[in-house]
Amino acid sequence: MATRPPRDSELEAILEKVRQVRNFDFRNYKRATLQRRIERRMQATRCRTRAAYLALLEREPAEVSTLVSSMLIKLTTFFRDREVWQTLEESLAELIRQRPDKELRIWSAGCATGEEAYSLAIAAAEALGPGHPGPELKVFGTDVDEDAIAGARRGIYTPAQLENVSKERLARWFVRTGNTFTVRKEIRRAVVFGVNNLVSDAPVSRIDLILCRNVFIYLDSDLQKRVLARFQFALRRNGLLMLGRSELIPFAARIFRPVDLARRIYRKDAHVEVVTTTQDRLPPEPTLPPRLIAAAIEPERSLLRDLLDSQPCPTITTDNDGTVTFWNRAAARMWNRNEGDVLGKKLSALGLSGLIGDLLIEQTGRVRNGRTEREFSDGLLENAGGDSITVRTQVVPLRDRTGARQGLLYVTHDVTTARGVEQALQSVQEELQSINLRMQSSNEELRASNEELETTNEELQSANEELQTTNEELQSTNEELETTNEELQSANAELDATNRELAHRTLEMDSLAFTQRTIIRTLSAAVLVLEGDGRITTWNLAAERLLGVTEREAVGQKLWSLHVPALKRPLIQKLRRHLQENRSLRLEGVPYQLPHGGTGSATLVATPLVTETNVLGSIVLFEDTTRAAALLEENRLLKTKRKA
Ligand SMILES: C[S@@+](CC[C@H](N)C(=O)[O-])C[C@H]1O[C@@H](n2cnc3c(N)ncnc32)[C@H](O)[C@@H]1O
């Protein structure tokens, strides 16, 4: 017997939380897959225990959505499992030839991000040929994951996602936009995407081909049966169903006719009905040939009666109306009723346990009308010891020597042991199937993990290459920095030398300036140095003495606006005009007021300081000539006297 593992209460609580928040029931999904996906999320969210993760789900509803998305594994590619597509293309061509009306309807159930639905539309469009798919093609792409369907509707894929698409198909059915490819309009018009839960939502109907690949591996056998029954309803007569490479589900072969089991292709056959019991697998029970019995009810009645009474199986005959005409000892034992109680009464009115209504009404009717030669049905009854036993009763026509129907013959067998063996066999089979499916799902996950690893590896390689490039760039930047550093150091050394030279020159200049200042200070003539606008920068001791203004009062003032007691205003204005026009001025015998009263005489020389391009200012010399003038006068007077 397949025993379910004990329920894991925390896992149940997580699934319950998902059911409450997202209205999605994962309880019949394979536990092992769910556990692994939950553990992944626990690692990603750094939750050490399931209880901590459950608390996180309580706090953050967004994590519930992330978990659901992670549990719905959406691994897919265009034209996935290439070898299957060739067969599929042939099947499409056949469906197109045989389709009952003009429209070809295809369903990609569990299509994830749409690659499978578009692949189907492309293959069908090509099979329909030439050029465009037109109104006769309709592909339905459904999935329970809303985000995946939203992505599918956009129809935009990266070159990596289109790896399996040939160059010709890429050129014919996709448009390049930058680094991505968009599925062309004519294909997109033929594909209708929708959110649909295969377990609980109404299926799409009148379908010619269903592709449901790599979805069953996540479901337990109950859900698988449920979804398969829905597919049976969705398909048109002779419609095809294709499952995934690793999805060999025995139940599928019971409700569909296998067309290519290796490729998991089945056909909906009008004559195959949904089988939910195990009757059809019981070995056929031995039957008494009707003719023998008919003959037995002839003259040697007592011998035959003994013979039938000796039969271990309960045996009953009725006439064509259903009135009991014979009842053997085994029947009397089984139902604890004597022949006298039942003869002449309607069999259906006796209420015999184990003989169910279907057998007594419908199936008997079919045998009576000659529509079938033999019907049987199972039932349960309790024996004298109180044990429940399973019986199988067979009804056949009772014919006379000429073959005419005289009534009906019912023979009942105890099939309890056979049924027990059958059930044990069935559970072993189911267990095997569940192990098989677990392996298939692990395989699928391994493949998914492998692909993820390959992607991660490629990313790591490219990150490594980028790091190497960055490293090389850093090295070259480093070298450049070192060169620059050296250049800076040498410039620094040059600057140092220049600095030292400048310091030396400054010292020289300082001493020169000092000497100049001392000379100027000690000159007997007044020396005034002016800037271009007449502002005084130098005013020596002689100027203080001759002009009656101290150095402190004069320096920084403009000569034109300074009150100089010794000089007349018109003289200063004349001086200003000359210097502003960069002209020199020399005046002899200039009268000026002596510091201690009286009038003195002086020579004034003003010279603009002009280079080839610049006016630096001017220098004014004011030399007292009073004494020299007096001596000259005295000399002149003496000469005059001498002549006289
Ligand atoms: C591995 S992908 C298969 C994609 C595609 N069929 C293929 O083989 O390439 C499985 C898909 O089944 C979807 N799925 C799982 N349970 C579902 C349900 N109850 N109803 C509809 N889709 C379901 C998931 O969302 C996921 O996109």
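This is a tour of a predicted model, with one selection after another and a note on what is found there.

Residues are numbered from 1 along each chain as its sequence is written. The model is predicted, so local features need pLDDT of at least 70 and side-chain atom pairs count only at pLDDT 80 or more, while totals for chains, interfaces and linings use all residues. Helices (H or I, at least four residues) and strands (E, at least two) are DSSP runs, numbered from the N terminus.

**Stop 1**

Two packed helices are described by the angle between their axes and the distance between the axes. Axes here are lines fitted to C-alpha atoms, for helices over the stretch in contact, and angles run from 0 to 180 degrees between N-to-C directions.

Select residues 9-22, which form helix α1, together with α4; the two pack at about 105°, with axes 10 Å apart. They are therefore roughly perpendicular to each other; angles of 65 to 115 degrees count as such, those under 35 as roughly parallel, those over 145 as roughly antiparallel, and the rest as oblique. Lys17, Val18, Val21 and Arg22 in α1 meet Pro61, Val64, Ser65, Leu67 and Val68 in α4. Residues are in contact if their C-beta atoms, placed from the backbone, lie within 7 Å. By class, this contact of α1 with α4 has six nonpolar, one polar and two charged residues. Ala, Val, Leu, Ile, Met, Phe, Trp, Tyr, Cys and Pro count as nonpolar, Asp, Glu, Lys and Arg as charged, and the others, Gly among them, as polar.

On the α2 side, the contact is made by Leu34, Arg37, Ile38, Arg40 and Arg41, and on the α4 side by Thr66, Leu67, Ser70 and Met71. Four nonpolar, two polar and three charged residues make up the contact of α2 with α4.

**Stop 2: the ligand**

Select the ligand and its surroundings. A shell of 22 residues surrounds the ligand, and the closest are Leu72, Thr76, Gly110, Ala112 and Val144. A residue is near a molecule or strand if its C-beta atom, placed from the backbone, lies within 6 Å of it. The shell around the ligand divides into eleven nonpolar, five polar and six charged residues.

**Stop 3**

Strands of a sheet pair through backbone hydrogen bonds, either parallel or antiparallel. Two strands count as paired if DSSP finds at least two bridges between them.

Seven strands form an open sheet in the order β6-β2-β1-β7-β8-β10-β9, with mixed pairing. At the edges stand β6 (191-195) and β9 (257-260), each with a single partner strand, so one side of each is left without a neighbour in the sheet. Within the sheet, β7 (residues 207-212) and β8 (residues 235-243) pair in the parallel sense over five bridges. Find Leu209, whose bridge partner in β8 is Leu240.

Now show helix α5 (residues 82-98), which lies across β1 (104-109), β7, β8, β9 and β10 (265-267) and runs at about 175° to β8. Helix α7 (residues 146-154) lies across β2 (137-143) and β6, at about 160° to β6.

**Stop 4: the five-stranded sheet**

Five strands form an open sheet in the order β17-β16-β20-β19-β18, and the pairing is antiparallel. Edge strands β17 (536-539) and β18 (585-593) have a single partner strand each, so one side of each is left without a neighbour in the sheet. The twist averages 20° from one strand to the next.

Five bridges join β16 (residues 526-530) to β20 (residues 615-624), and Leu530 stands opposite Ser618 in β20. On the other pairing, β16 and β17 share three antiparallel bridges, and the bridge partner of Leu528 in β17 is Trp539. In the hairpin of β16 and β17, with five residues between the strands, Gly534 takes a positive phi near 95°.

Finish with helix α20 (residues 569-580), which lies across β18, β19 (599-610) and β20 and runs at about 20° to β19.

Definitions and conventions. Two residues are in contact if their C-beta atoms, placed from the backbone, lie within 7 Å.
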